[in-house]
Amino acid sequence: MKAFLVTGLSSFFFILAFLSSIYAQPAGNGFHSVSLKFVLGGEENLGSWKNEISDAAQAPGPESDDATLVLAANRTKRPDILRGFRRYHGGWDITNRHYWASVGFTGAPGFILAVLWFISFGLSLVVHHCCGWRINIKGKESHRSQKICLILLILFTCAAAIGCILLSVGQDEFHGEVLQTLNYVVNQSDYTVGILRNVTEYLSLAKTINVAQLFLPSDVMDDIDKLNMDLNTAADTLTEKTSQNSVKVKKVVNAVRSALITVAAVMLLLALIGLILSVLGHKHAIHIFIISGWLLVAITFVLCGVFVILNNTVSDTCMAMEQWVEYPHAETALSNVLPCVDHRTTNQTLVQSKKIVNQIVNVVNEFIYTYADTSPSQEHSYYYNQSGPTMPPLCYPYDNQLQDRQCGPQEVSMANASEVWQNYTCEVSESGWCTTVGRVTPQIYSQLVAAVNESYALEHYTPPLLSLQDCNFVRDTFKNITTSYCPPLSHYLQIVNAGLGMISVGVLLCLVLWILYANRPQREEVFVNLSLQIKGTRSCKNCFSSKINNDVPISNLSSEV
């Protein structure tokens with residue numbers, strides 16, 4: 001029973017483990033939080049920018065709530081078996097054994113019914129077989145009683161069959177909904193990996209920025225290398241965990257599905273064959289089905305208790321996620337599973353990305369001011385016969401305080417720089433000099449465009465990266481799960497519970513009626529009893545006649561003659 005419960009619950013909590021694997025991974029003997037400040041720009045990755053964080057560059061985000069928030073507090077106030085059935089007030093917390101003890105108590109009715117049924121009906125079978133105690137439908141009302149018993153037997157068999165149908169439909173819908181939820185979480189995980197891979201790729205490309213032999217500073221390249229290493233590690237770990245957990249979830253879900261389908265099929269066959277055997281009056285064969293049904297009904301009651309626990313756990317988890325969405329930075333039980341990065345760390349990542357963008361703009365503008373917009377003599381190394389109107393510089397997207405700034409009238413933005421600069425491109429000879437009016441050669445123009453595209457990509461991939469840090473991404477994922485996936489999961493679990501309940505009660509009542517109806521007098525028995533009665537009557541008459549003849553005197557016989 002415990003193994004089945006763990007199997008059922010893991011199908012839901014492996015989904016939660018996908019999201020937690022974005023932020024945490026096991027280490028040593030405990031749960032070591034891998035804070036993204038080591039992945040997305042902590043102090044160790046800032047390098048020379050370590051002490052240059054500006055208060056004006058704070059990343060936006062909701063204010064943190066230092067108060068401890070008890071998740072799903074009202075739903076989880078249940079008797080705690082480990083504390084003498086006192087009320088549990090700790091809220092949703094999958095790491096707390098008292099929470100599991102309290103939620104496990106919700107399945108107690110099913111377990112108690114299973115024990116009571118197993119003991120009571122087992123004792124009845126012992127008395128029935130060992131002590132010779134039997135209930136037979138006889139007497140003047142036997143025919144009417146047999147009809148009523150048959151009608152009830154058919155009704156209860158139909159109830160058990162309907163329960164099997166509900167169980168089959170419910171488990172099929174539940175299986176499909178769990179897989180849809182799994183696919184959604186896997187897609188979200190793939191999206192996260194995609195963001196990490198894209199940022200890593202663009203950071204790597206930033207190292208290759210080369211405009212007329214002008215490169216990024218060496219300390220910036222070292223920081224990019226360090227950050228790329230951590231990003232690749234995070235992406236690889238998340239991909240590996242997603243793949244492993246996906247396989248585990250599918251195995252668990254398929255195992256649960258197979259178990260429920262087996263229960264539905266076996267109980268349906270048991271009810272139908274038991275009905276047929278009881279109608280035909282096969283007493284010895286029906287005893288085998290009675291014993292089988294006795295055990296299966298007990299197992300079905302246990303399954304009812306297990307799925308009640310699973311239903312309550314899913315509902316608790318959905319409510320906990322819903323409340324956490326409203327207060328993502330409050331201290332909760334989810335904080336140990338999904339530790340959101342603090343605002344300072346988020347600010348450091350934002351600073352670093354903005355610094356890299358500005359450094360790329362520095363390289364571009366240094367070339368424009370030093371090479372393109374000058375008119376050097378032919379003796380200079382950077383002379384390539386540039387001429388014509390001066391080329392506008394690239395706009396800095398951030399000021400000295402790393403705040404967003406508006407471009408000046410003489411600057412070009414990253415969105416239209418490639419189009420504007422194309423008008424300043426000259427045609428070149430075989431020696432690489434301009435033969436027409438222009439400030440840059442086609443080769444240099446392509447290098448400038450590559451630098452602009454790199455800056456633009458980093459600028460636009462930073463917001464989704466930050467959403468991974470401040471838990472906005474997880475909050476949106478949880479919100480979609482609670483609104484789109486939790487209600488169907490709870491609904492289909494209720495259908496499964498209803499099917500198991502109908503099967504248990506229906507087969508239970510069928511077992512009683514099988515014993516009664518199978519022990520009714522059969523037609524052959526009635527015919528034999530009637531023949532014996534007729535023979536007995538005739539023998540009595542013969543005996544009476546012979547007695548009369550023996551008592552008559554001989555004189556009377558002679559007078560009659």
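Buried here means under 20% relative accessible area, exposed means over 50%, and partly exposed is whatever falls in between (1.4 Å probe, protein chains only). The model is a predicted one, so local features need pLDDT of at least 70 and side-chain atom pairs count only at pLDDT 80 or more, while totals for chains, interfaces and linings use all residues. Residues are numbered from 1 along each chain as its sequence is written, and side-chain values use heavy atoms, with hydrogens and water left out.

Salt bridges come next. A salt bridge is taken as a side-chain nitrogen of Lys or Arg within 4 Å of a carboxyl oxygen of Asp or Glu, and the structure holds seven of them. One of these pairs Arg 83 with Asp 80, with 3.8 Å between the closest N and O atoms.

Helices are DSSP runs (H or I, at least four residues), numbered from the N terminus. Arg 257 and Asp 172 meet through their side chains in a salt bridge, 2.8 Å from N to O. Arg 257 sits in helix H6 (residues 218-280) and Asp 172 in helix H5 (residues 142-207), so this contact ties together parts that are 85 residues apart in sequence. Both ends count as partly exposed, given relative accessibilities of 28% for Arg 257 and 34% for Asp 172. The other pair is Arg 197 with Asp 236, whose closest N and O atoms are 2.6 Å apart. Here Arg 197 belongs to H5 and Asp 236 to H6, so the parts tied together are 39 residues apart in sequence. Arg 197 is partly exposed at 32%, and Asp 236 is partly exposed at 42%. Elsewhere, salt bridges that share partners join Arg 75, Arg 78 and Asp 316 into one network.

On to the cysteines. Disulfides, meaning pairs of cysteine sulfur atoms within 2.5 Å, number three in this structure. Cys 318 is joined to Cys 486, with an S to S distance of 1.9 Å. That link is left-handed, with -90° about the S-S bond. It connects distant parts of the chain, Cys 318 in helix H7 (residues 283-326) and Cys 486 in helix H11 (residues 472-518), 168 residues apart. Cys 318 is buried at 8% relative accessibility, and Cys 486 is buried at 4%.

Cys 395 and Cys 407 form another disulfide, their sulfur atoms 2.1 Å apart. Its torsion about the S-S bond is -95°, again left-handed. Both cysteines lie in the loop between helix H8 (343-372) and helix H9 (417-422), twelve residues apart. Cys 395 is buried at 3%, whereas Cys 407 is partly exposed at 35%. For Cys 426 and Cys 434, the sulfur atoms are 1.9 Å apart, and the torsion is about -55°, so this disulfide is left-handed. Cys 426 and Cys 434 are both buried.

Cys 158 has its closest cysteine sulfur in Cys 510, but the distance is 9.0 Å, too far for a bond. Cys 158 is partly exposed at 42%.

Finally, helix H4 (residues 108-130) has 23 residues and, at 1.5 Å a residue, should span 33 Å; its end C-alpha atoms are 32 Å apart, which agrees. The expected span is 1.5 Å times one less than the number of residues. Buried residues of H4 include Trp 117, Phe 121, Leu 125 and His 128.

Note on methods: Helices (H or I, at least four residues) and strands (E, at least two) are DSSP runs, numbered from the N terminus.
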